[in-house]
Amino acid sequence: RALGVEGSLSTGLATATASTAAEVARAQGVELSLANAVTAERTRAQSAESTETTRALGAEASISAALAQEVTRATQAENIGLTQNNPATSCMQIRRSGQSYAATSGVYWIVYEDRIPVQVYCDQVSYSGGWDLVMKLGAGTTFSYTAPYWSTINTLNSGSSLDASFGTDNKYNGYNYGLYDQLLVRFMYSGTQWDWPLTNLNVPFTSMTSVAEVTPISYFNQNNYYWGNQVGSGYF
């Protein structure tokens, strides 16, 4: 019986030992699973951190590019019309820019219809300013009513007399390509300067009802009967 009890105890011990080993194995398995979970979580965290860093760097690069563009636009706005590389589209654009020089009459760079920038005299004072000089007529017959300058894109002495003086014959690119809804005719008579401001150039003088912008050459070609009958030869 004693031997039987000893055998039972041995069996019980063996069973307990096996059970303990199994528990240890399960515990190690759990520990290993936890370790794997921690490693996976750490990997995910590192990946997320790397992604966030990449996004942050991308955002920083985007912000830097946007700031650079804004600085460029601000610089161009500050210097609009002053250089050939930064021309305005009209004297009026310069006048409305709010820059310190915007109300000063003089020569500025203007680009008409995406063409090559040209220098234009701008009257920035008369009638609130914004006037492009498009033509000068002397006392001769260069700009008679039948002269081709009125109806063709030919220019005449377009690089000279860029000022407010009288007495020369000039036709500038603004006459051909500038878009306007107003015209200011200025002339000297008996030593006195006279101004004749006109508006709504897309219709004849007698029925000014619209404000669409047109080129002076288009205006003349569309309304030349008025010029010939009412205004007189070569007067513009």
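**Aspartate 123 and its surroundings**

I began with aspartate 123, which touches Ser105, Gly129, Gly130, Trp131 and Arg186, leaving out residues up to four places away in sequence; contact means heavy atoms within 4.5 Å. A reminder to myself: this is a predicted model, where local features need pLDDT of at least 70, side-chain atom pairs count only at pLDDT 80 or more, and totals for chains, interfaces and linings use all residues. Numbering runs from 1 along each chain as its sequence is written, and side-chain values use heavy atoms, without hydrogens and water.

I placed aspartate 123 in strand E2 (residues 118-123); helices (H or I, at least four residues) and strands (E, at least two) are DSSP runs, numbered from the N terminus. Is aspartate 123 buried or exposed? Its relative accessibility is 10%, so I noted aspartate 123 as buried (under 20% relative accessible area; exposed is over 50%, partly exposed in between, with a 1.4 Å probe and protein chains only). I also found a polar atom of the aspartate 123 side chain 3.0 Å from the backbone nitrogen of valine 125.

**The sheet**

Next I followed E2 into its sheet, which is open, has 3 strands in the order E1-E2-E3, and pairs in the antiparallel sense. Strands pair if DSSP finds at least two bridges between them. E1 and E3 (131-132) are at the edges with a single partner strand each, so one side of each has no neighbour in the sheet. I found 5 bridges in the antiparallel pairing of E1 and E2, and isoleucine 110 stands opposite valine 118 in E2.

Definitions and conventions. Polar contact = N/O pair within 3.5 Å; in protein donor to acceptor, adjacent residues only side chain to side chain.
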